[in-house]
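Student: I am new to this structure. Please take me through one chain closely, and then through what lies around it.

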Amino acid sequence: MTGSGPYSRAWRTPGARAGLALLLLLALAAIAGPFVLPDPAAQPDVLAGANLPPSAVHPLGTDQLSRDVLARLVSGARISLAVALLAVALAMTIGTLVGLVAGYAGGWTDALLMRLVDAALAIPRLFLLLLLLAAWERIPLWALVVMIGATGWLATSRVVRAEVRRLATEPFVLGAAALGAGPGRIAFRHLLPNALGPVLVSATLGVGNVILLEAGLSFLGLGVQPPLPSWGGMIFDARETMHAAPWTMLAPGAAIVVTVLAVNLVGEALRRATEPGR
Amino acid sequence: MSRTRAPLACARRLLLPAAIVALLPAGSLAAQRTVPGSAVIIVGQDPVTPVPTLTRLGASLDVSNQLFLRLARLGPGLRTWGDSGFAPELARRWSRRDSVTLVFDLDSRARWHDGRPVVANDVVTTLDRARIPATGGRYASLLSEIADVRAEGNRRVVVTFRRRYAEQFYDAVFHVPPMPAHLVAPIPAESLAASRFAREPVGNGPYRWVRSVPGQLVELEAVRGHFLGTAGILRLVFRVVPDADARLNLLLSGDGDAQEAVSPPVANLERIRAAGHLREVPVASGMLGYILFNHADPADSARARPHPVLGDVRVRRALVRALDRERMVRAVFGPYAAVPEGPTSQLWWIRSLAPAAAPVDTAAARRLLAEAGWRDTDGDGVLDRAGRPLVLRLGVPAPSAPRRLIALQVQEQLRPLGVQVDVQVLEGSVWQERRNRGDFDLDFGAAVQDPSPSGIVNSWSCANAGRPDANVGRYCDPAVDSLVALARFSSGDPAPYWREALARIQADAPAIFLYAPATVFAVSTRYRDATLRADSPWADLRRWSVDPGRALPRDRVTR
Amino acid sequence: MAGRLLQGLLTVALAAVLAFVLMRLAPGDPLAVLGDDRPLTAEARAQLEARFGLDRPLGAQFASWAGGVARGDLGVSIATGQPVTRLLLDRLPASLLLGGVVLVLTFGLGIPLGVLQATRPGSAADRLLGGLSLAAWAVPSFWLGLVLAGTFAVRWRLLPAAGMTDPLLDPGAPWAVRAADVLRHLVLPALTLTVVSIAAVMRYQRAAMLAALAQPSVLAARARGLPGPAVIWRHAWRNAIGPVVALLGLWLPLLVTGAVFVEYVFDWPGLGQLAALAVAARDYPVVMGVTLLVAAATVAGNVAADVLHAAADPRLRP
């Protein structure tokens with residue numbers, strides 16, 4: 001990207017570069033990991049090989065079932081990142097559509113949609129998820145993505161709605177309407193592209209939040225289901241071993257902090273770059 | 001039951017000059033100086049209704065056992081047949097009138113905590129309540145052999161049984177400790193749980209009720225001048241901490257004095273040893289962990305068809321043979337668990353009667369599977385037969401870490417054989433509902449057994465096949481049923497019948513019996529005489545005392 | 001204002017319906033916990049279902065629950081048999097205490113730090129604080145809690161690892177002794193929550209302050225030669241406090257339940273812990289009770305945020 005658009009402005013900040021570099025590294029590890037690391041489910045020796053400290057063979061040690069912590073961490077990265085990206089994409093899509101409809105249609109539709117959003121927002125997201133996820137005997141990964149996505153669009157829809165309502169009175173939109181453009185065309189050709197800026201920023205910051213949220217749910221046993229490794233689940237398991245084998249606790253925690261930090265650095269740079277005040 | 005140490009210490013004190021006494025280690029000064037003492041016992045659940053007939057397990061039972069004495073206590077041998085394994089408690093003595101009648105004479109010194117004497121009518125009222133199905137719940141079935149309970153005067157109770165059997169005495173004294181009739185009789189049985197009595201119980205035990213903060217603690221205090229002796233520790237607190245890790249942290253930091261079930265995870269044992277002020281005490285427990293085979297086809301809503309895979313005893317035996325149970329149990333429980341050879345926990349005296357199982361043999365397991373027609377025809381690493389792959393769902397309740405860890409090991413150990421196990425970790429209530437529906441191939445169950453081996457009929461008899469919370473795997477072998485009946489009801493030594501029944505169960509392979517653990521307690525080393533009992537862990541607590549040299553500030557508080 | 005109130009009530013009612021429907025979609029048996037690992041007889045089960053009204057149609061159950069709420073009766077917990085109102089009231093103080101202390105700490109520390117950053121934008125201090133707050137924002141609270149408890153409570157034994165009070169402390173002990181005891185228990189959970197939430201306040205305050213410092217009136221005050229602190233606190237900060245104060249209102253539900261993980265890890269006897277346990281046990285009445293309370297707090301918080309924002313921002317004053 002060249003020029004002086006908001007995205008290249010964002011890219012020029014050191015924070016964004018560091019964040020992107022970290023994310024790239026993480027993605028690379030997640031992709032290449034399975035080819036160089038041991039099977040994350042393998043239990044070579046549950047008696048003598050459990051809770052081993054980091055060594056050349058196991059760079060991050062082993063857990064209480066003698067599984068390789070690094071292999072599980074990398075395997076967990078694939079799942080955590082995939083869940084986060086898909087869930088946020090879903091949330092943004094729903095949020096944008098609802099916001100667009102409510103903001104542009106106005107009247108009854110708007111009132112009804114926004115009352116529903118208010119009601120759902122009155123229950124904290126974690127709580128809403130606890131209720132939703134309890135509805136499954138065993139939560140498949142796709143359901144987890146859908147549930148996290150389905151509870152993440154509320155705030156976005158409000159932002160988009162506000163943006164659309166603001167844009168709807170702008171001369172270029174009024175002009176398009178005067179020239180006979182239909183509501184669908186106005187919504188998608190004129191309103192949507194201009195309302196996307198804030199959506200992108202909240203999406204980036206949302207990814208960080210969702211990684212934390214998924215880790216928390218897995219920690220409570222409601223997220224990614226074993227034997228699939230997830231960072232939150234690894235922390236849950238590590239509670240039993242954190243004193244005998246601190247690496248089992250520190251590794252997944254550090255992975256979460258670094259990943260969320262990287263995502264937020266990028267999101268932060270984007271937000272500053274697209275802020276109208278700058 | 002008075003202390004025997006005092007005279008010795010007195011003699012020494014007379015002989016030694018005071019200056020030397022002052023140099024003695026704190027322990028020998030203990031006899032002269034005592035502190036009121038306190039104990040904080042950390043428990044996992046709230047003791048909601050610590051009252052007989054309303055509780056059977058967990059913290060409620062622990063508290064109930066401090067408040068309410070039984071007619072007699074079960075001795076360390078855990079022998080439940082006859083009366084030779086029992087010692088007097090509320091009953092001073094007992095005798096047998098005929099083969100179906102037992103007579104108990106109550107100790108005249110026994111008092112309720114409100115001062116009223118314990119009388120025969122208390123025993124009659126309590127047992128009568130517990131015997132009626134509508135009010136006794138589970139106890140009604142445990143006491144179903146009791147035909148009549150009568151008071152003869154104020155101190156004598158006569159219990160009549162429907163027939164002669166080995167565990168008459170056990171049934172009469174163990175299940176339900178007496179409650180005070182003058183307080184309980186006016187309360188309708190169905191509202192007992194919500195009554196003031198259940199919230200602030202009045203018992204006759206060595207400790208009395210002080211207060212409770214729901215979800216946080218229950219506090220008891222020693223009854224001074226109790227007829228069995230005043231407890232050496234005056235304040236007793238059961239501290240409720242639902243989270244296992246927080247529980248252990250509390251113990252290690254010294255804010256708690258004792259805790260049940262500190263291991264697994266075995267890593268905890270190292271921490272307890274490293275802490276220096278705690279010791280680990282394994283106590284035989286009624287816990288039994290097993291992976292149950294479903295004998296019925298979960299796809300058949302009537303559960304009438306046999307299971308398409310597990311209906312074949314060869315497959316069941318193959319899975320048992322293939323697994324290195326010892327290894328899994330050591331990895332999860334460390335040294336403190338036995339690998340059971342049948343549905344027998346450490347509390348059952350019959351556990352040693354079962355024949356030793358054949359050793360782990362994956363080659364034999366493969367042969368058995370091949371005999372049953374399972375082969376990997378498509379080369380995907382999973383055996384198949386007539387187009388159906390050998391995939392089994394294993395339901396595991398999420399709250400149980402040992403079961404989760406063992407399930408993952410089972411999955412790994414069976415994979416090389418071409419048996420694919422899908423571990424399904426389910427929330428506790430969901431898991432329970434599913435297993436009661438019979439909707440599983442393999443189910444990771446765990447039972448907590450009473451000391452009586454008669455309990456075998458709950459989960460392993462034809463009569464209970466398909467009953468919720470009982471024999472959900474629908475195992476049924478009439479020969480086992482009749483052997484168990486012989487063991488229970490014939491006169492003479494029941495051991496040979498038990499031996500035969502256990503051998504048959506092993507051959508039928510209705511489940512993979514995985515672990516019969518001891519409960520590992522951690523107790524602060526500042527207590528003297530800190531013994532724990534298998535039938536009721538804290539029941540000897542009244543004999544504990546605090547080493548005065550190691551007393552904490554909270555040990556000196558008196559009310 | 002009356003309209004706002006009515007709308008708020010409607011929102012809470014809708015939230016209750018939503019929670020009720022979601023909860024009842026879930027499989028699982030609230031009576032399973034009462035079984036105590038022993039079979040409940042069909043008879044006993046039927047009696048229990050009748051007692052808790054579980055045998056009636058869902059609509060009727062909701063209607064009778066809502067009727068109870070109108071009379072101030074939230075029903076009886078299936079797991080413990082205790083009135084839900086009592087359970088909530090028992091746990092509310094712990095949540096309010098923890099939430100309140102965290103509120104004071106995050107705002108008391110976050111506001112000056114944010115202002116400090118804004119007055120020296122781009123400086124080493126600004127970048128360091130910005131980086132630190134971004135990192136703190138990325139820390140999972142339950143993990144931090146476990147690590148802090150493992151270090152300060154278990155390894156070094158400096159502070160209690162769990163709970164809110166020492167249960168053996170004599171309830172008749174002097175007031176100061178009991179307060180000190182609670183304070184000791186409060187340190188780690190409060191620290192954990194403050195670390196993971198202070199970033200929001202700092203960033204809000206920094207952004208608002210930057211904008212305020214660029215306003216003509218502030219620039220004019222500077223040009224008049226007024227001393228730095230006077231300009232910063234009297235002129236700029238007054239204009240920059242609005243959004244931060246509004247954040248206070250949004251924080252209100254957090255006081256009640258935002259600390260689910262921290263309460264869980266530190267066994268803090270608050271509402272978040274109660275909620276998580278109740279959902280797992282399918283204790284319907286308790287789940288509904290907590291949801292209602294939280295929804296009410298959220299709606300009240302939103303209204304408070306608007307009011308506070310308006311009150312704090314001179315430009316929005318009528």
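Tutor: Start with chain C. This is a predicted model. The secondary structure of chain C consists of 13 helices and zero strands. Read from the N terminus, its elements run α-α-α-α-α-α-α-α-α-α-α-α-α. Chain C has 318 residues, and 46% of them are buried. Now take the contacts in chain C between residues at least 6 apart in sequence. Of these, 75% join residues at least 24 apart.

Next comes the contact with chain A. Chain C gives 39 residues to it, and chain A gives 35. On the chain A side, four helices each supply at least two residues: α4 (107–122), α5 (125–133), α9 (183–219) and α11 (246–274). The largest share, nine residues, comes from α11(A). By type, the chain A side that touches chain C divides into 24 nonpolar, six polar and five charged residues.

B:Val546 sits in strand β22, which covers residues 545–546 of chain B. B:Val546 counts as buried because it has 26 C-beta neighbours inside 10 Å, and the cut-off for buried is 20 or more. Leave out residues up to four places away in sequence. B:Val546 then touches B:Val35, B:Gly37, B:Ile233, B:Arg526, B:Tyr527, B:Ala551 and B:Asp555. Consider B:Arg528 as well. From B:Val546 to B:Arg528 is 18 residues in sequence, and 6.1 Å in space, C-alpha to C-alpha.

How values were computed:
Residues are numbered from 1 along each chain as its sequence is written. Chains are lettered from A and ligands numbered from 1 in the order in which they are written. This is a predicted model: local features need pLDDT of at least 70, side-chain atom pairs count only at pLDDT 80 or more; totals for chains, interfaces and linings use all residues. A residue is buried if 20 or more other C-beta atoms lie within 10 Å of its own, exposed if 12 or fewer, and partly exposed in between; C-beta atoms are placed from the backbone. Two residues are in contact if their C-beta atoms, placed from the backbone, lie within 7 Å. Ala, Val, Leu, Ile, Met, Phe, Trp, Tyr, Cys and Pro count as nonpolar, Asp, Glu, Lys and Arg as charged, and the others, Gly among them, as polar.
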